[in-house]
Amino acid sequence: MIGSGSATRWVPSSRWRQVRRLVVLALVLAVTGLVIPRATVRNAPMSLVKASTASGVGHSKNVIWILCLGSDARPGQRVTGTRADAIQLVGLNLKTHAATDIGVPRDSWVHIAGHGMSKINASMFYGGPQLMADSVAHLVGIRPDYVFTAGFDAFRHMVHTIGGVTVYSPYAWSDPVRPQGYHVGKNKLTAFQALIFARMRHALPHGDFDRSADQRRLLVGILKKVRGRLNEPGFFERSLYSVVKNLNTDLKPSELYQLATALSSIEPRKFKGCVIQGSTGYVGPQSVVFANVGQAHRYARDARNDATLNHGC
């Protein structure tokens, strides 16, 4: 309340603005619950499902683990029926608003239940999100609660919706779609340039490992952009709706609401991550990564219950 003589003027507090935004968000999700089709209805460009069959070690109730996948699907293919192009296991701490990302090189040579040894990204092709969750849980030692999958077009749409993204690159490299190249430091990217940034590995000194690290940098950049625009009237609700209307999911609106609020509450400075390292080689004609399983399990022990890599990489 601001007073001037006998007149007073009420000024909304930040707490009230937050409550109002959450109410509007709840209404958006309630409506969305009526329009989102079941996962069997259509071939949507994004998918979000519970990892109900995944095996692995449990974790604290204050932490949510989401397996984020970039699908290699081409036009006409299901995003959950092809190989995974990006694999990031992200933990969210609901109390501290911290987050951890464990990057998994897509060419990691692992045992896939029912299919023997293969690259881990083939799990999606063999058995969809559930088998992918099982394979990552076996390698890392953390059971994801959810699996989110997005195709190339869906990723570009998400980045375009928020107005592009700024990412930090530790390396300089060139690409035909960006005449000025990608320089060391901050790079402001369009949606298409962000997709190239997420997929490039041949121009990077450590190939698949550096690409996985760049994918985490993109996640941080997207989070910063979203957090920076949260106070714009209607921005968060429009962004969320643009995602969920193109989403196949088995989650209820209340669960979508929980995930959306958890993601938007993460503080970028508390979002840290590591990439599972290893050696490269060949199995027959295939170029593969022999992941450091001991290191992966160390990351899991460190971050499982608080989504924080207390001992770093």
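Author: Let's start with the link of Cys274 and Cys313, which is left-handed, with -100° about the S-S bond. This is a predicted model, where local features need pLDDT of at least 70 and side-chain atom pairs count only at pLDDT 80 or more, while totals for chains, interfaces and linings use all residues. Residues are numbered from 1 along each chain as its sequence is written, and side-chain values use heavy atoms, leaving out hydrogens and water.

Reader: How many disulfides does the structure hold?

Author: A disulfide is a covalent bond between the sulfur atoms of two cysteines; here the test is sulfur atoms within 2.5 Å. The structure holds 1, with Cys274 and Cys313 joined at an S to S distance of 1.8 Å. The pair links distant parts of the chain, 39 residues apart: Cys274 sits in strand S15, Cys313 in the segment after helix H8 (293–303). Strands (E, at least two residues) and helices (H or I, at least four) are DSSP runs, numbered from the N terminus.

Reader: Is Cys313 buried or exposed?

Author: Buried is under 20% relative accessible area, exposed over 50%, partly exposed in between (1.4 Å probe, protein chains only). Cys313 counts as exposed because its relative accessibility is 56%, whereas Cys274 is buried at 3%.

Reader: How many cavities of 30 Å³ or more turn up?

Author: On a 1 Å grid over the protein atoms alone, a cavity is a set of points where a 1.4 Å probe fits but cannot get out; a pocket is an open set with protein on both sides within 12 Å along at least five of seven lines, and lining residues have an atom within 4 Å of a point. The search finds 2 cavities. The largest cavity holds about 1200 Å³, and of its 45 lining residues, Phe148, Met158, Leu219, Ile222 and Leu263 are the closest to its centre. By class, that lining has 33 nonpolar, 10 polar and 2 charged residues. The second largest cavity has about 30 Å³, and its lining includes Asp85, Arg106, Asp208 and Arg211. H5 gives the most to that lining, with 4 residues.

Reader: And which element gives the most to the lining of the second largest pocket?

Author: H5 again, with 6 residues. About 330 Å³ of space lies in this pocket, which has 14 lining residues; Tyr168, Arg217, Val220, Gly221 and Lys224 lie nearest its centre. Strand S10 (165–169), helix H5 (207–228) and strand S15 (271–275) each give two or more residues to the lining.

Key
Grid points are joined across faces, edges and corners, and a volume is the space filled by probe spheres set on the points. Ala, Val, Leu, Ile, Met, Phe, Trp, Tyr, Cys and Pro count as nonpolar, Asp, Glu, Lys and Arg as charged, and the others, Gly among them, as polar.
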